[in-house]
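Welcome! Take a moment to look over the sequence and the 3D structure, and then let us walk through some of their features together.

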Amino acid sequence: MAVEFKQSETMKNLMRAFAGESQARNRYTIAARQARQGGLYVIEQVLTFTADQERAHAEVFYNHLKEMAGENISIEGSYPVDISPEVARLLEMAQHNEYQEHDDVYKNFENTAKQEGFLQVANSFQLIGQVEKIHGDRLGMFARLLKENRLFVSNVETSWMCLNCGFVFDGKEAPARCPACDHEQGYFVRLELAPFTGNQSFGN
C-alpha cells in the first residue's frame with residue numbers, strides 16, 4: 001500500500017543505508033592506511049577501490065532523499081566498530097558486514113520499499129545488495145590469501161604484476177623488490193587479479 005514518502009519507513013531506511021555506506025567508506029579508508037603502513041600496498045588498493053564504490057552507493061541512496069532537502073531525518077540503527085591490529089581480521093570483518101547487507105539488510109529494505117510503493121528505491125536496494133556480495137567475496141579472498149601466507153606466494157608458477165610500474169614477473173613467489181622500479185614486494189599482485197587485466201584475446 002502506497003504511503004507518503006515523508007511518513008514512510010523507506011525514507012528512514014534510505015538514511016540508514018546512506019549512513020551505513022558512508023561509514024563503510026571511512027572504515028575502508030582507515031583500514032587502507034593501516035595496510036599501507038604495514039607494507040601491504042596491494043591491500044590498500046583493494047580497500048580504496050571498494051571504498052570508492054561505497055561512496056557511489058551512498059550517493060545513490062542520498063539522491064533518493066531529494067524530497068527531504070533542508071530537513072533532518074532521525075533514525076535508529078546499529079553500526080559496526082571494526083578495529084584490529086591485523087589487516088586480515090579487518091578484511092574478515094568487512095566481509096561479514098558486506099554479506100549481512102546482501103543477505104539481510106538490503107533485502108528487507110527492498111521488500112519494505114515495494115510494500116510502500118517506492119519501486120525505484122526497491123530496485124536500488126536490490127542492485128546495490130548484489131554488489132555487496134561481490135565486495136564480500138573480494139575482501140574474503142584477500143583475507144584468506146593473507147592468513148594462509150599466499151598473498152605473495154603460489155604453489156605453482158604464477159605471473160605477478162607490480163602495481164607501481166606494471167612490470168610482470170613469473171615465478172612461484174613475487175620478488176622482494178620489483179626489478180624494474182625497485183618497489184617492495186607489497187606492490188605485487190597475481191596478474192589475474194590486477195586491475196583491467198585478464199584474457200587479452202577478445203572476440204570480434
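A residue is called buried when its relative accessible area is under 20%, exposed when this is over 50%, and partly exposed in between, using a 1.4 Å probe and protein chains only. What you see is a predicted model, in which local features need pLDDT of at least 70 and side-chain atom pairs count only at pLDDT 80 or more, while totals for chains, interfaces and linings use all residues. Residues are numbered from 1 along each chain as its sequence is written, and side-chain values use heavy atoms, with hydrogens and water left out.

Let us begin with a helix. Helices (H or I, at least four residues) and strands (E, at least two) are DSSP runs, numbered from the N terminus. Several residues of H2 are buried, including Tyr41, Val42, Ile43, Leu47, His57 and Phe61. What lies over the buried residues of H2? Among the elements covering them, where contact means heavy atoms within 4.5 Å, are helix H1 (9–37), helix H3 (87–116), helix H4 (119–147) and strand E3 (188–190).

Next come the charged side chains. A salt bridge is a side-chain nitrogen of Lys or Arg within 4 Å of a carboxyl oxygen of Asp or Glu, and the whole structure holds 12 of them. In one of these, the closest N and O atoms of Lys133 and Asp137 are 2.9 Å apart. These two residues sit four residues apart in helix H4, so about one helical turn separates them. Lys133 is partly exposed at 32%, and Asp137 is partly exposed with a relative accessible area of 32%.

Glu148 and Arg150 form another salt bridge, at 2.7 Å from N to O. Glu148 is partly exposed at 44%, and Arg150 is partly exposed at 32%. Arg177 also pairs with Glu184, at 3.9 Å from N to O.

Finally, look at the backbone. Asn149 lies in the loop between H4 and strand E1 (153–162) and is exposed at 59%. Phe196, in the segment after E3, also has a positive phi, of about 55°, and is exposed at 87%.
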